[in-house]
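Here's a quick briefing to read alongside the model. Have the viewer open as you go through the points.

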Amino acid sequence: MARIATRRQVAISTAAAWLAGFLIFFPILWMVLASFKTELEAFAIPPSFLFFHWTTENYATVQERSDYLHHALNSIIIAGGSTLIAMLIAVPAAWSMAFSPTKRTKDLLLWMLSTKMMPPVGVLVPIYLIWRDVGLLDSLSGLVFILCLGNLPIVVWMLFTYFKEIPRDILEAARMDGATIGRELVYVLTPMAVPGLASTMLLNLILAWNEAFWTLNLSTLNAAPLTVFIASYSSPEGLFWAKLSAASTLAIAPILVLGWFSQRQLVRGLTFGAVK
Amino acid sequence: MATRQTQILARTLLTPAVGLLFVWMIVPLALTIYFATLHYNLLDAGSEQFVGFENFRYFLTDPAFLASLENTLVLVGSVLLLTVVLGILLALLLDQPVIGRSIVRLMVIAPFFVMPTVSALVWKNLLMHPVSGLLAWITRSFGLTPIDWFNDVPMLAIILIVSWQWLPFATLILLTALQSLDEEQKEAAEMDGAGALSTFTYITLPHLARPITVVILIETIFLLTVFAEIFVTTGGGPGLQTTNIAFLIYSQALIQYDVGSASAGGLVAVVLANIVAFFLVRIVGRNLEA
């Protein structure tokens, strides 16, 4: 009796969960399908779901018409560059706070967190003017710099929570054996910290790849990453749905894959360790 | 000796991060405050003069400010309500025994990784277009007149898009919290004859109180400055119907080139965000002790 009820329960919750999941995922699926249609079919009413003439020509056209690769390369440089620099600055800081904490460490961490709370629009004006005056508008280095600063608090926090979980005893043992701080860092800490470092980088890459405030406001053409490139499809004269879909699919595919791998770390990174 | 060395080293390692963040926080903010007291228009450069609180008076009494403040609150409030309520339901559903749960999870999380400009345009064109959008086709096949989303209910359209982006975040965090709930506690309640509803009210919901607070606070921080979704769909219109504070400041600074009042608006946004941040920092800080 109980077993039958359970089986029915599983069936019901499975059906409901798959339906909900499908509905939420549907816009992405619909976009991917549209990217393989011709422009006419993408626009057609009634829409065709699977039985249309599958074509990959949109993907080729997107590159020819609007230089997709140029913008993709910009995205890679901006997301990768800002992540690497943020890591270089954050690793020593997080290491120092996790292993030589002082009375002020907690306040320092919370202060760093509070800098992340500043709405970017609050400082848009001065940043725009400074960038204009030093010639950083529409430059890759300008965007790398600002995204690096914007994500630095999250990076420090995530690294800090990972470093704190590394057992102290091992470090003390290494110190007893006469290891210098440099050696301790390279031979003891680094190998244990690699998973935390990797997931921090991953989350930061995702955030920087999708960042759409500074990129939209501080770049136009030369340094424009994919967020800006896609935004250029919003002009009313260009109702090219199939091409928009192809460009969008290309723009989100790599990050979607990375994101799926980093779900767990996402919770931790975005809640500053408040939910684990 | 060694400890002193360690201390000095620790401080040295900390300095670049702290210094950079300090400069990043102080310099633009100080400049914003300074600009906010000037009459400063980029089209009329060189004529800057000190005007005291004139910009604040102008910005705060501008009907556009009140409209955009209201829009901001409506947008933030609605998205919070939708994502938290649906997020709890989804998290409860995914916490049940579900065949293929990890695949469902992937589907549910996916929207969070879509860049804002992509999700806004896909919704605007492929789904919400009044003639060729999928939703128009569905409504028409039920014999109803399709909704012209971005003309008739532009704010609702934005709310739906932004909720779709943030629902995964709420679900993922609440699901993570649910999975850390002690199974024994639930079983004990069931043995004592508690029904599903009272188990939820007296055990699950209190357990979720803190994660829900965290979701609300973090979402609020990001939702206060929703920008890209408005930028690529409505451009703040029609009229001011979808202009939030972030978009108003953007248009004052980079379309009307009025640096002074845009800066005053920026400070208003900073104050709003700080009210939320105050509570978030306290919650996170409490967690740091434990």
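Which residues in H13(A) meet which residues in H8(B)? On the H13(A) side they are A:Gln263, A:Leu266 and A:Val267, and on the H8(B) side B:Leu172, B:Ile173 and B:Thr176. Meeting here means being in contact, that is, having C-beta atoms, placed from the backbone, within 7 Å.

Keep in mind that this is a predicted model, in which local features need pLDDT of at least 70, side-chain atom pairs count only at pLDDT 80 or more, and totals for chains, interfaces and linings use all residues. Residues are numbered from 1 along each chain as its sequence is written, while chains are lettered from A and ligands numbered from 1 in the order in which they are written.

- The axes of helix H13 (residues 263-270) of chain A and helix H8 (residues 154-179) of chain B come within 10 Å and cross at roughly 95°; axes are lines fitted to C-alpha atoms, for helices over the stretch in contact, with angles running from 0 to 180 degrees between N-to-C directions.
- H13(A) and H8(B) are therefore roughly perpendicular, a label for angles of 65 to 115 degrees (under 35 is roughly parallel, over 145 roughly antiparallel, and the rest oblique).
- Sorted by class, the contact of H13(A) with H8(B) has 4 nonpolar, 2 polar and no charged residues. Ala, Val, Leu, Ile, Met, Phe, Trp, Tyr, Cys and Pro count as nonpolar, Asp, Glu, Lys and Arg as charged, and the others, Gly among them, as polar.

**The A-B interface**

- Overall, 83 residues of chain A are in contact with 83 residues of chain B.
- On the side of chain A that touches chain B, helix H1 (residues 2-34) of chain A gives the most, with 16 residues.
- That side of chain A divides into 65 nonpolar, 17 polar and 1 charged.

**The nonpolar core**

- The largest nonpolar core has 173 residues, and A:Ala90, A:Ala94 and A:Val156 have the most contacts inside it. Such a core is a set of buried Ala, Val, Leu, Ile, Met, Phe, Trp, Tyr and Cys residues joined through C-beta atoms within 7 Å.
- Helix H7 (residues 140-164) of chain A gives the most to this core, with 16 residues.
- Leaving out residues up to four places away in sequence, A:Val156 touches A:Ala90, A:Ala93, A:Ala94, A:Met112 and, from the other chain, B:Ala17.

**The two chains**

- Chain A comes to 13 helices and 0 strands, where helices (H or I, at least four residues) and strands (E, at least two) are DSSP runs numbered from the N terminus.
- The radius of gyration of chain A is 24 Å, well over the 19 Å that the globule rule gives for 276 residues, so chain A is more spread out than a compact globule. The radius is taken over C-alpha atoms, and the rule is 2.2 Å times the number of residues to the power 0.38.
- Chain B comes to 13 helices and 2 strands.
- Buried residues make up 44% of the 290 residues in chain B.

**A stop at B:Met155**

- B:Met155 sits in helix H8 of chain B and, with 16 C-beta neighbours inside 10 Å, counts as partly exposed.
- Not counting residues up to four places away in sequence, B:Met155 touches B:Asn71, B:Val74, B:Leu75, B:Gln241 and B:Thr242.

Notes:
Contact = placed C-beta atoms within 7 Å. Buried ≥ 20, exposed ≤ 12 C-beta atoms within 10 Å, placed from the backbone.
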